[in-house]
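Student: I would like to go through the terms used for this model and see what stands behind each of them.

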Amino acid sequence: MQTQRIEYDDRIVRAFLWASVVFGIVGMLVGVIVALQLAWWPANAAPWLSFGRLRPLHTNAVIFAFVGNMLFAGVYYSTQRLTKARMASDKLSWFHFFGWQAIIVAAVATLPFGITQAKEYAELEWPIDIAIAVVWLVFATNYFWTLKNRREKQLYVALWFYIATIVTVTILHVVNSLAIPVNGLKSYSVFAGVQDALVQWWYGHNAVAFFLTTPILGIMYYFLPKAADRPVFSYRLSIIHFWGLVFIYIWAGPHHLLYTALPDWAQTLGMIFSLMLWAPSWGGMLNGLLTLRGAWDKLRTDPVLKFFAAGVTFYGMATFEGPLLSIKSVSALAHYTDWIIGHVHAGALGWNGFMAAGMFYWLVPRLYGKPLKSVAAANFHFWIGTFGILLYVTSMWTAGITQGLMWREMADGGGLAYPNFIQTLVALRPMYWMRLVGGTLYLVGFIIMAWNLFATARSGAPVNGEVEVAVDTPAERGPKPTIKDLVLAPPVIVSAVVVLMIIAAGYLEVVASLTFVVLAFAVGFFAMLLLSVSKQPGKPTWHALIEGRSGVFTGLTLLAALVGGVAEIVPSVIAAPEALASTANVPYSALEVEGRDVYIREGCYTCHSQMIRPFTWETARYGAVSTPDDSIYDHPFQWGSRRIGPDLARVGGKYSHTWHYRHMMNPREISAESNMPPFDHLAGEALDFADTAAKMRALRTVGVPYNAEQIQRSDRSAHAQAAEIAAFLAADSGVRVCPGNELTDACDLVVDSRMTAVIAYLQRLGQIPANGMYDAPATETVAANTGATP
């Protein structure tokens, strides 16, 4: 038999690894800064360094720069060895590397300056979204090309998870990024209100699933057995883990929206599938930990196994807590609180961070041909990192439960026991300082790791792996399975029957209950799994057959991931035109559109929600329960995911223009214990209303019913409303209005400023103007910015 020597492309692995280390430190440093800002407001040093601007930068840096580069390093290293093939194209690999780093740089260049779509984990504006799609498709092309060239017929379990990541992230990114551009740095989501919320959390939840979970599970299935020198505990359990996760995870997004204006059927579906996630998630955790059977003694001396074992354990903890938080009664307490922040960081720091550290400590000695510089430093990193995580997570658990209980506490004589939101903030401040200490310790551990890895690399030289592979002939490969073997197999037939049952259920009102649908899915799904791993004498299992056909395997993975998204999103999107036709709401005025963009630009959505849930303690504090109609013109929706400040869904008309002005100029003047940064810079930042018409045209394209006349008069209408607000401030509190568009020592407020715009927007929230949308009369002549009401 002929053989061929292959040299793997480990240069690309080293590039992604070092990028991950550097961006990991940067992302965590930004995290420490925003933690300090919550505990001590003066840390908001400048508008572009405020919490609202830096928090999206922190999440993007940690998710896409740190974990993204880490997973690419792991994928490139393990895929070449599992396929016994070099990556198909070095040029595509390097295009992927430099393209991804350029995207990260673009995020740094835009997010701190308020250029954002305000969609959690998807804040980057449309040109960067297109760049992400291009770079991701290049990565996918190179990856599947490599699978086509593989010398190893069967796809190992790690490759299954990589395939799921690539195909599912593609769908998630494209659908959630659909937007209508206004200009090169501004766009509006094609979805609004309820539909946008559903799409966003279908994306947001599954970005966690298919960017932060499935690829890291693939890394676990490759690197953990390598480090332990043990085979994976159970092949069959890995099959159940994979298909269970891919199929069920995609349905669970609505559990982020429990008790909101989302339809009840979607909320219940999200909760049920979230609870079902316990089974495959813990199956994967047990498969990882039981792989260490017979190697537990190595944990005493091997820091790599310490990190892997702890990382898998944190995965188990996070995937237990996630379904727990999806139970409606638990979500009622935890949602919008810091408990969610603790949950997220247990996964991010414990699962992603520790798996990354373990992989780095294992990889760098092999990539540079030298043993790790300091095992003692790596062990110290493990213990300081673990202590940091525990401080962080316990402080946030404590803060979240305290917060939730204080919000709902009722006084003996009736009413809220803590009617002032600031009272809860003051109670949480010690936990915020504790969180800061925990995060700082974790960062210190990561810096120690970076030194250790760099010292190891300097002591050696780059080494590329090699392998000798057999060059087999078609006769030696054996017969290929037929289409009948793959498509007409029992697992496929069972799945098709179950799908047909569910479609039929849609026409039978009594039978088509939610319980029936879920049971049909569950029974059919697990029947398919059992059939796929069942053996027939002398024949491979059906699953073994599809493992040898990467195209078929990819197609089935795509179908499993698509079903849930289509079932949840399509009915909601279909219902949108009818909701628009029957709404009693009116569109935002020209100035309110500008004010909403200011609200988004300053990152106010990172601290405030706009969704009042149907609880007495929420309606007593904030007003009537939110309805789908309230946000029907919101592109994107602003329901929020956290309350560092109070809910704003019905803040309109609750306070005067003067109160809002004073609050934004100096929050401590209104609430002495507030941790909100000042937004006094808005008073002097003039808006160019010439751009407003383009924004309203874009919004009309996505369904907001502006007419041509309203768009044509948008600049005059915006100025007229701004001038009314400025005149009120001048008369009510003596605010000195500037005669022009520049702030001077002789005046306090520019009329056409971001300040007047955001005040107009806040006053509109929860209010439907009796006379319809504010609009300047067609014959009105508006004078220049004199500060007087025209």
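The questions below set values against definitions.

Tutor: This is a predicted model, in which local features need pLDDT of at least 70, side-chain atom pairs count only at pLDDT 80 or more, and totals for chains, interfaces and linings use all residues. Residues are numbered from 1 along each chain as its sequence is written, and side-chain values use heavy atoms, with hydrogens and water left out.

Student: What does the secondary structure of the chain come to?

Tutor: The chain has 29 helices and 4 strands. Helices (H or I, at least four residues) and strands (E, at least two) are DSSP runs, numbered from the N terminus.

Student: Why are α5 and α6 called roughly antiparallel?

Tutor: The axes of α5 (residues 157-176) and α6 (residues 193-211) cross at roughly 155 degrees and come within 10 Å. Axes are lines fitted to C-alpha atoms, for helices over the stretch in contact, with angles from 0 to 180 degrees between N-to-C directions. Angles under 35 degrees count as roughly parallel, over 145 as roughly antiparallel, 65 to 115 as roughly perpendicular and the rest as oblique. The two helices are therefore roughly antiparallel to each other.

Student: Which residues of α5 and α6 meet?

Tutor: Among them are Ala-164, Thr-168 and Leu-172 in α5, and Val-199, Trp-202 and Phe-210 in α6. Contact means heavy atoms within 4.5 Å.

Student: What makes β2 and β3 a pair?

Tutor: Two strands pair if DSSP finds at least two bridges between them. β2 (residues 179-183) and β3 (residues 186-189) are joined by 4 bridges and run antiparallel. Ala-179 has Ser-189 as its bridge partner in β3. The two strands form a hairpin with 2 residues between them.

Student: Why is Ser-674 called buried?

Tutor: Buried means under 20% relative accessible area, exposed over 50%, partly exposed in between (1.4 Å probe, protein chains only). Ser-674 has a relative accessible area of 7%, so Ser-674 is buried. Ser-674 lies in the loop between α25 (667-670) and α26. Leaving aside neighbours within four places in sequence, the contacts of Ser-674 include Trp-41, Ile-422 and Arg-429.

Student: Which residues of α26 are buried, and what covers them?

Tutor: In α26 (residues 692-701), the buried residues include Thr-692, Lys-695 and Leu-699. The cover of the buried residues of α26 includes β2, β3 and α28 (714-733).

Student: How many of the residues of the chain count as buried?

Tutor: Of the 790 residues, 60% count as buried.
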